[in-house]
Structures are given as C-alpha cells and as structure tokens.
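Subject: Structure handover

Hi,

Here is the structure I promised to pass on to you.

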Amino acid sequence: MLAMVLNHPGDANVFDPEDRPIPKATATKSVLKIMAFGINHAELITRAGGSPDVHLPRVIGIEAVGVIYETSANSGLQSNQKVMTLMGGFGRAFDGSYEVYALVPNDQLYPVESDLSWEALATIPESFYTAYGSLCKLHLNQGDQLLIRGGSSSVGLAALLMAKTLGLQVTVTTRDKTKVTKLRQFGADHVLIDQGELATRTQFAGVIELVGVTTLLDSMRHVKPNGYVVVTGGLGGQWVLPNFSPFSIQGYLTNFQSTHVNAGLFQAMLALVAKHHLSLPIIQQFDLAHVGAAHAALEKPHDLGKIIVIANTN
C-alpha cells in the first residue's frame, strides 16, 4: 500500500512515498481502509517541525473516514462498516491518515451512518467535533448572541453552521474582506473585519476564540459578565500570553481541545450533523500521492471550506 511518510521536517514537498504492507488487525486494533481525509493546519505545523512530541519518521494526518477492512471477533466492529477516526494520537503517537490502510485502536473508531459522499464525510470529523465541543462549553440558550473569532476557518465555519441550527445569533470575524458575503450566505448574522480589536460594543453571551491568545484579551472585553469565552484554536500562531493576569478575565474563561475524543460527545455531534445535513464546502480535492500539493494549497489564500484528500477510489 502507499504511505506518504514524513521522515524529516520541511516544506510541502517533503513527503516520501513508501510501499508498505497492509497492517494486520490485533485484539485491540482494527485495520481501517481510508477512503478520504481532510487537511488540517495542525498537520502543516507538524510537517514544518513545530510538533516536538511527534517523533519522525511518521505518517501524519489526524482524521480519516473509511471502512473496517479487518477486525477481531470481539471488537464490536464489523467488516465494511463505515467509520470515522480522529485524534487520540492518530497521526502523532502512531501512524495516521496519509496512507491507504491504518491500524487504529478499536475504541477510536466511531461508527457512522450517512449517505454523504466520502469527500463530504471527510469534512466532518475534526472540524465539527471541535466546533461542537466548543459550543457545548458555552452553555448558551436559543436566541443568545455568539461571537466566533476566526469564523472563516474550517472549525469556525462548522461552528457557524451548527450554531444557526441551535437558534443562536452569530457574529463571526475574518481578516479577509472578500469572505464577508459568503459568511453571510452561510448564515452569519453579522461579520466583523478583525484587525486585532473589534469595532463593536456588543457584549456576547459566548465567544469561541479560534485566533488564540493574540486576540484573547480583546475577546474577553466583548463577553457579558456571566458569559463564557472558550479558547479552541491558535490561528494567530502564538500559544502563550505573556504577563497574563487572571484578574483581567471577564465572565468565565475555559478551553476545548479535541486531543482525547469523548465518544458520547462525538455521537451527539454526528446526530446534529445528520439531522441538519451539514458538511463543509470542499475547496479542492487531491489524491494521496499529491498530499504535499494539498498542504501547499492550504498554505495559500483559499476559499471557505476544507481541502480533501482521497486515499481510495473503490
């Protein structure tokens, strides 16, 4: 089988194709036949050498959709069953999605029933789970006002789509004026151009902070005294806030990470997605051998949605 291996950090051309044997199922792990997966910013960071906990060589890729190729008798899974997987060390502690078949712990394979194409299904796992987990942290009620800081990212767009199904009033931010019209078409009630400080006096019941600590203090200035700010992303490229005082917190400050997936929360997300037929637009599509080109596409200015790689065509 084809595996696109990261042997050392580098640019988008760094991946080495290798012909590897298909792995064998064990008592605790099943073989996933990967049909498709989305490309994530976290993978760009890993590829460039920014993930010191990822030991190379490694097949990276933190999410995938596909079918069970081989499993043990007592795994609770069935051959050809449609599943998703994400995080939990996938593509970081052990080999991930940039290959045709992957060996995945049984408890990290989540059954899914969907008539969506593999391409559309591949837009869901990481983006929608992260967005849904963040929304749940905010304790919002129908009609409440939500601010999504970094709303043109894939997680931001997923959060917007789900928030509108929950009856929330949603304001999103973007640095790109060309994306304002499309964000409104996807349901945003208001779109703000983000220049580090927001030109609004609105106090929001909840804030999803996807830009990260570079805009966190400003986000906290825009939350109600009893509202929540959940830090979910680091699109701003900074992870630590220097000289931070806890007394600067207005409302409640928390965070959500998809590192360890809660199976119940994941299934609740899938139910909401299925009920409202949600998925992200597909920006571009590549085959596995050209995963480096997919990385290059994500690094350039691009439209709203997700870049997808097809690993199997049958």
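Let me begin with asparagine 262, which is partly exposed, with a relative accessible area of 44%. Please keep in mind throughout that this is a predicted model. Asparagine 262 sits in the loop between β13 and α7. If you want a distance to check, take asparagine 262 and leucine 235: their C-alpha atoms are 24 Å apart in space, and the two residues are 27 apart in sequence.

Leucine 253 is partly exposed at 32% relative accessibility. Together with Leu217, Phe244 and Ile249, Leu253 makes up a nonpolar patch on the surface, and the four have about 270 Å² of accessible area together.

Now for the charged side chains. Side chains of opposite charge can pair when their charged atoms come close. In the whole structure, the search finds 11 salt bridges. Three of them are described here.

What joins glutamate 299 to arginine 47? Their side chains meet in a salt bridge, with 2.8 Å from N to O. Glutamate 299 is part of helix α8 (residues 291–299) and arginine 47 is part of helix α1 (residues 41–47), so this pair ties together parts that are 252 residues apart in sequence.

The salt bridge between lysine 306 and glutamate 63 is 3.1 Å, N to O. Lysine 306 is in strand β15 (residues 306–310) and glutamate 63 is in strand β4 (residues 63–70), so the pair ties together parts that are 243 residues apart in sequence. Are these two side chains in buried or exposed residues? Lysine 306 is buried, with a relative accessible area of 1%, and glutamate 63 is buried too, at 0%. Both values fall under the 20% that marks a residue as buried.

Arginine 20 and glutamate 18 also meet through their side chains, in a salt bridge of 3.1 Å from N to O. Arginine 20 is partly exposed with a relative accessible area of 22%, and glutamate 18 is partly exposed at 28%. Glu18 and Arg20 are also members of a network of salt bridges, in which they are linked with Arg58 and Asp95.

Next, the strands. β6 covers residues 101–105 and is mostly covered, with 4 of its 5 residues buried. Strand β3, residues 29–38, pairs with β6 in the antiparallel sense over 5 bridges. To find the pairing on screen, look for serine 30, which stands opposite valine 104 in β6.

Which peptide bond is cis, with omega near 5 degrees? That is the bond from leucine 56 to proline 57. Proline 57 is located in the loop between α1 and β4.

Two residues other than glycine have a positive phi. For methionine 87, phi is near 50 degrees. Methionine 87 lies in the loop between β5 (82–86) and β6, and counts as buried at 11% relative accessibility. For histidine 139, phi is near 55 degrees, again a positive value in a residue other than glycine. Histidine 139 is in the loop between α3 (125–137) and β8 (145–149). At 53% relative accessibility, histidine 139 counts as exposed.

That is what I have for now.

Best wishes

Key: Residues numbered from 1 in each chain as written. Predicted model: local features only at pLDDT ≥ 70, side-chain atom pairs only at ≥ 80, totals over all residues. Heavy atoms only, no water. Buried < 20%, exposed > 50% of the residue type's maximum accessible area, 1.4 Å probe, protein only. Pairing = 2+ DSSP bridges. Patch = residues over 30% accessible without salt bridge, like charges linked within 9 Å, V, L, I, M, F, W, Y side chains within 5 Å. Areas by Shrake-Rupley, 256 points an atom, 1.4 Å probe, with all protein chains shown as cover.
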